[in-house]
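Happy to go through this one with you.

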Amino acid sequence: MKIRPDQLTQSLEKGLQPIYIVSGDEVLLCQEACDTVRRSAMQQGIEERLRFVADAQFDWQDVINEMQALSLFSSRRLFDIQIDKLSEKHSKALAQVVHLLSLDNVVLLSLPKVDAKTQKTKWFSALEQAGTFIQIWPIESNRLPTWVQQRAKSLNLTLSREAAAIMCERGEGNLLALSQELEKLLLSHGPGTQLDEQTIAESVADSSRYSIYDLSDRLLTGKLKDALHCLSQLRAEGIEDSILLWLYNRELDTLNQLASLAQQQGLRNACQKLRIWDKRVPIYESAFQRLPLNSLAYMQRYIALLDQSIKGLEGPDIELGFRNLTLMFCGIKPVATELDVL
């Protein structure tokens, strides 16, 4: 049975199911859904919890053996299983787990976002029919201020719509960061406080925290302002220039390979050949349509120049060099670079 996250508490109050599947990319919401299941299991008498993190080397036989064995400590146990990346190995094991489900144990299965194709497989359908599937969707940007206001209310804080909007802008839509900022506001201002936009503007720091892969997405989708902001944040946080250049070069190399393969088999098939995840295919399509082949060759030569600068040799200013590369990825040719005067 599939339910919304806001239906989970009510569902748990009716009694525990043999399995709960929590799936999605929004870390905070997935974490809170899992916490709700764990808390309810404890309240309903399950004291023993077995925790498993299933990576590529994980031995599923440990789980299967435990599910078949009797507990020495309690009549019912919670099997808390986390899978960060689904693979054929995991899906085959879960197809076995389906046949071991019973009311003697409760399985909490935490998965990344599960696409529609996976949801139609026999093993997943069997798991869903045996228990409860909670699919977590990201909160759309236009609904974020309302989410922040509701979150604040649960902490006994009151935020104006304008104040919530400022928090969302500063937090770059990062729910975990927004939640942490609200908790800081509670500590600094106390419960029952009404917070307006001026208070938030003064109190809330820029809580944007990026990884180099966030920069990758912004470069490939051509979001210049966001890409430059992300680049600035990463450099300010001390990410090494050589690592950043590796990212630019990696994405450029991927685009060059796609350009070569797409001539014979089309872009979609080329993406499959390079094992690009389905959800990232539109991102590469965007870059592929925006960047002509001659610009890719120009960017490759410019990366080589910037690499010289990073190694202490003669080349462009490093900060300006990264800015120029960002402009190029976003389809904007800088007025002039060192390549134009060589």
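The questions below concern a predicted model.

Q: Why is C271 called buried?
A: Its relative accessibility is 0%, and buried means under 20%, so C271 counts as buried.

Q: What makes C168 buried or exposed?
A: C168 has a relative accessible area of 10%. The cut-off for buried is under 20%, so C168 is buried.

Q: How do you know that C168 is too far from the closest cysteine sulfur for a bond?
A: The closest cysteine sulfur belongs to C230, 19 Å away. A disulfide needs sulfur atoms within 2.5 Å, so C168 is too far for a bond.

Q: And what rules out a bond for C271?
A: Here the closest cysteine sulfur is in C330, at 19 Å.

Q: Which residues touch the most other members of the largest nonpolar core?
A: They are L215, Y248, L255, L258 and L325, in a core of 39 residues. The elements giving two or more residues to this core include α11 (212-220), α12 (224-236) and α17 (318-329). α13 gives the most, with 9 residues.

Q: What is L215 in contact with, leaving aside neighbours within four places in sequence?
A: L215 is in contact with A227, C230, L231, L234, L244, L247 and Y248.

Q: Which residues does the second, separate core include?
A: Among its 36 residues are I46, V106, L108 and L185.

Terms used. Residues are numbered from 1 along each chain as its sequence is written. This is a predicted model: local features need pLDDT of at least 70, side-chain atom pairs count only at pLDDT 80 or more; totals for chains, interfaces and linings use all residues. Side-chain values use heavy atoms; hydrogens and water are left out. A nonpolar core is a set of buried Ala, Val, Leu, Ile, Met, Phe, Trp, Tyr and Cys residues joined through side-chain atoms within 4.5 Å. Buried means under 20% relative accessible area, exposed over 50%, partly exposed in between (1.4 Å probe, protein chains only). Helices (H or I, at least four residues) and strands (E, at least two) are DSSP runs, numbered from the N terminus. Contact means heavy atoms within 4.5 Å.
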